[in-house]
Amino acid sequence: MNVLGIIAEYNPFHNGHLYHIKQSCTVSKTQKVVVIMSGNFVQRGDLAIMDKHLRAKLAVQNGASLVLELPVLYASQSADFFAKGAIEILNHLGIVDYLSFGSESGNIEHLSSVATLFHEEPEEYRYLLKHYLNQGYPFPKARSNALEQLTGCSSISTPNDVLGVEYLKHLSRTKSAIKPILIQRKGANHEDHAMNTEFSSATSIRNYLTHMSTKFCGNSPLYSEELLSSIPAATLDALLYTHTNHRWMSLELFLNDIKTIILREGKHISNYFEVSEGLENRIYESFLASDNLEEILTSIKTKRYTLTRIRHILLNILLNITKDTMQELNTSNEMGYARILAFDEVGRTLIRKSNKEFPLINKAANFRPSNRKQEILWNADEIADTIYYSRYRSSYSNGYVLSPVFVKKRGRE
């Protein structure tokens, strides 16, 4: 029946995302769109600015049929884990024919060849990778250097291309029947769906909102015309609603919580995922010296540890994600699950047609894990939601009592 899959964060949903959905539907010749979306914690090492149900609702209002949550143990980690978890869900659904992703380069042949190299890992590649890692390069840079030296091809460094390679790698690794579709990212002045150059990414929008949050007149933020031309009206309404009734979320809100854990556990923070090679000492000393997130990140950063990886580590500490947890998850061949966040009538049909053996969680409060992998994922998701909603709402509310959002669309079959 031609079903399109998209992996996203929509943090927040902007016109570039709208363009991607419309172009993907045109290429795949379908209006049936399943989105695998990060929940309340995202891959760039931060908290989502708005909660997952609201972001999922925006996606359905703008073209998605069904939005499923990517469990936090995948969503908050490196591109490899992020892609692995999302591809697993798409494969298990048993209804998805295409996966569409954005790309800066627009060169699917090059991305596919790189993905093949990373998947097969020939001996010469492994040697070069180890060589650059031993020189102190972070893994992404060491891998890029090995790629350039081995093939003479340019490195893969832009965010969407990096994720695209990981999607292709895991499609190949799982022998998936899902066909990849590449949509090249467009700059300014490209039809009606282009992003303004000042707000060409969700990151630039979040940075602007953070800056403007200190310049409010009553309940109305001073948005610029450029921003308003870069986001759908529904996103603006959601941002206003969140700021008025809750708050825009970020890692900074939990800095004191992270500091308390670090000072309490000391050297034992080496048990958290991605903390290695004495980095626990730099983390401990940096938190003793400063209460400013940017200063802390800068003081921890080394040639081997990028700012994004350090952000991942801080989330791992906050969410109690340990090396043992990720090791057990990564080696498990059991079936996980996905939580339904939002859907329309078409999405309801897709739910009914999906693989009945793969759990799609409707009422989170009623779900009971049936294997060890589901237990691991569920425990982490429960902790993540409890932490997020403890600050998101003015009065505490457990996110696990929330139901999926149904979006009624006029004139849609």
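The second largest cavity of this predicted model is lined by Gly39, Asn40, Phe41, Lys52, Glu69, Leu70, Val72, Ala75, Asp381, Ala384 and Asp385; a cavity is here a set of points, on a 1 Å grid over the protein atoms alone, where a 1.4 Å probe fits but cannot get out, and lining residues have an atom within 4 Å of a point. Its volume is about 40 Å³, a volume being the space filled by probe spheres set on the points, with grid points joined across faces, edges and corners. At least two lining residues are supplied by each of β5 (66-70), α3 (72-75) and α18, and the largest share, three residues, comes from α18; helices (H or I, at least four residues) and strands (E, at least two) are DSSP runs numbered from the N terminus. By class, the lining of the second largest cavity divides into five nonpolar, two polar and four charged residues, where Ala, Val, Leu, Ile, Met, Phe, Trp, Tyr, Cys and Pro count as nonpolar, Asp, Glu, Lys and Arg as charged, and the others, Gly among them, as polar.

Residues are numbered from 1 along each chain as its sequence is written, and side-chain values use heavy atoms, with hydrogens and water left out. As the model is predicted, local features need pLDDT of at least 70 and side-chain atom pairs count only at pLDDT 80 or more, whereas totals for chains, interfaces and linings use all residues.

The largest cavity, with about 60 Å³ of space, is lined by Pro71, Tyr74, Gly85, Glu88, Ile89, His92, Gly336, Tyr337, Phe358, Lys373 and Leu377. The elements that give two or more residues to this lining are α4 and α18 (372-392), and α4 provides the largest share, four residues. The lining of the largest cavity has six nonpolar, three polar and two charged residues.

The largest pocket holds about 1500 Å³ of space, a pocket being an open set of grid points with protein on both sides within 12 Å along at least five of seven lines. Its lining comprises 46 residues, of which Ser78, Ala79, Asp80, Phe139 and Pro140 lie nearest the centre of the pocket. At least two lining residues come from each of α4 (79-93), α6 (123-134), α7 (139-151), α8 (159-173) and α15 (307-319). The lining of the largest pocket divides into 18 nonpolar, 14 polar and 14 charged residues.

Phe41, which lines the second largest cavity, also belongs to the largest nonpolar core, where, of 133 residues, Phe41, Leu68 and Leu93 touch the most other members. Such a core is a set of buried Ala, Val, Leu, Ile, Met, Phe, Trp, Tyr and Cys residues joined through side-chain atoms within 4.5 Å, and buried means under 20% relative accessible area, exposed over 50%, and partly exposed in between (1.4 Å probe, protein chains only). Not counting residues up to four places away in sequence, Phe41 touches Asp46, Leu47, Ala48, Val72, Ala75, Ser76, Leu315, Leu318, Leu319, Ala384, Ile387 and Tyr388, contact being defined by heavy atoms within 4.5 Å.

Arg55, found in helix α2 (residues 52-61), counts as buried because its relative accessibility is 0%. Leaving aside neighbours within four places in sequence, Arg55 is in contact with Glu9, Tyr10, Asn11, Met37, Ser38, Gly39, Asn40, Val42, Ala48 and Met50. The C-alpha atoms of Arg55 and Leu341 are separated by 9.1 Å, although these residues are 286 residues apart along the chain.

In helix α13 (residues 279-289), the buried residues are Leu279, Glu280, Ile283, Ser286 and Phe287. They lie on the same side of α13 because they cover an arc of only 130 degrees around the axis, the arc being that of the directions from the helix axis to the C-beta atoms. These buried residues pack against α12 (255-265), α14 (293-300) and α15, whereas the face turned away from the buried side carries the exposed residues Glu285, Leu288 and Ala289.

Most residues other than glycine have a negative phi, and most peptide bonds are trans. A cis peptide bond, with omega about 0 degrees, joins Asn11 and Pro12, and Pro12 is placed in the loop between β1 (4-8) and α1 (15-28). Lys29, in the loop between α1 and β2 (33-38), has a positive phi near 55 degrees and counts as exposed at 72% relative accessibility. Lys175 likewise has a positive phi of about 55 degrees; Lys175 lies in the loop between α8 and β7 (179-184) and is exposed, with a relative accessible area of 75%.
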